[in-house]
Amino acid sequence: MNIMLSAVLAQGSTIIENAAKEPHIVDLANFLNSMGASIMGAGTDVIKIRGVEKLSGGSYSIIPDQIEAGTYMAAVTATGGEVLVRNVIPKHLECITAKLIEMGAEVEELGDKVLVRRTAPLRRTNVKTLPYPGFPTDMQPQVAACLCMAQGTSILTEGVWDHRYRYVDEFRRMGARIQVDGKVAVIEGVEQLTGANVEACDLRAGAALIIAGLAAHGITEISQVQHIERGYEDIVQKLDKLGADIRVVISPDEGKAAQAG
């Protein structure tokens, strides 16, 4: 995405090989093209950009964020209950939906909405992350949170990002049974996670810790939440409206730092 943004006004042609193919890549290309850019191949492995002299203004509606929607779907799967997630494109969620159904969730597509419920026990499954339209690496930690409480042994294989398992130690503090060997994580489901003090090491790991905390027994306190806030708009308020017992707490040290600033 950064190369596309840089290349649209650069002199000559730019070719991006091994390009990401997610829907938001295509959406960015469509947005830039609507302003006068010349981008071809978005959604494939090779994107070609011919630089133009200038872009014009315009009006454009961006697509919904499938990872944000998938995170709320995973939260319902982990905790149980029923939630209607609005403003989604169900086709973009197909790979996520399929795995949640394997785990015991029910997902009903209703136009630009999905109704997610889970009343049966969580079931084990295997997940391998792949480039789009495969299962997204950005949903791997959230699904791992669900699998920590699933019956049986699940296997996660990370095929996109080498540093995705940094959240594992935090899950272990909550009672999860996870063993990592290279790109593979083996998760033995436990009956109940327990609240603990944990740290969000990145955006998606932080979202996964929220999910685990919602499903755990007791209180979970998550630090370094700035990672979460940069990728989810009003996540605490949205979950609170759904009945979650969740709130933002300013620690004494943070309050002193704010006053000093």
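1. Ground rules. Residues are numbered from 1 along each chain as its sequence is written, and side-chain values use heavy atoms, with hydrogens and water left out. Because the model is predicted, local features need pLDDT of at least 70 and side-chain atom pairs count only at pLDDT 80 or more, while totals for chains, interfaces and linings use all residues.

2. Strand β3. Strands (E, at least two residues) and helices (H or I, at least four) are DSSP runs, numbered from the N terminus. β3 spans residues 47–50. Ile-47 and Ile-49 point to one face and are buried (under 20% relative accessible area, 1.4 Å probe, protein chains only).

3. Strands pair if DSSP finds at least two bridges between them. β1 (residues 13–16) pairs with β3 in the antiparallel sense over four bridges. Ser-13 stands opposite Arg-50. β2 (residues 38–40) also pairs antiparallel with β3, over three bridges. Met-40 has Lys-48 as its bridge partner.

4. The hairpin. β2 and β3 form a hairpin with six residues between them. Gly-41 in the turn has a positive phi of about 95 degrees.

5. Helix contact. In α3 (residues 66–79) and α4 (residues 94–102), which residues meet? Gln-66, Gly-70, Met-73, Ala-74 and Thr-77 in α3 meet Ile-96, Thr-97 and Leu-100 in α4 (heavy atoms within 4.5 Å).

6. Cysteines. A disulfide is a pair of cysteine sulfur atoms within 2.5 Å; the count is zero. Cys-95 is in no disulfide, and the nearest cysteine sulfur, that of Cys-146, is 15 Å away. Cys-148 is buried, at 0% relative accessible area.

Notes. Buried means under 20% relative accessible area, exposed over 50%, partly exposed in between (1.4 Å probe, protein chains only).
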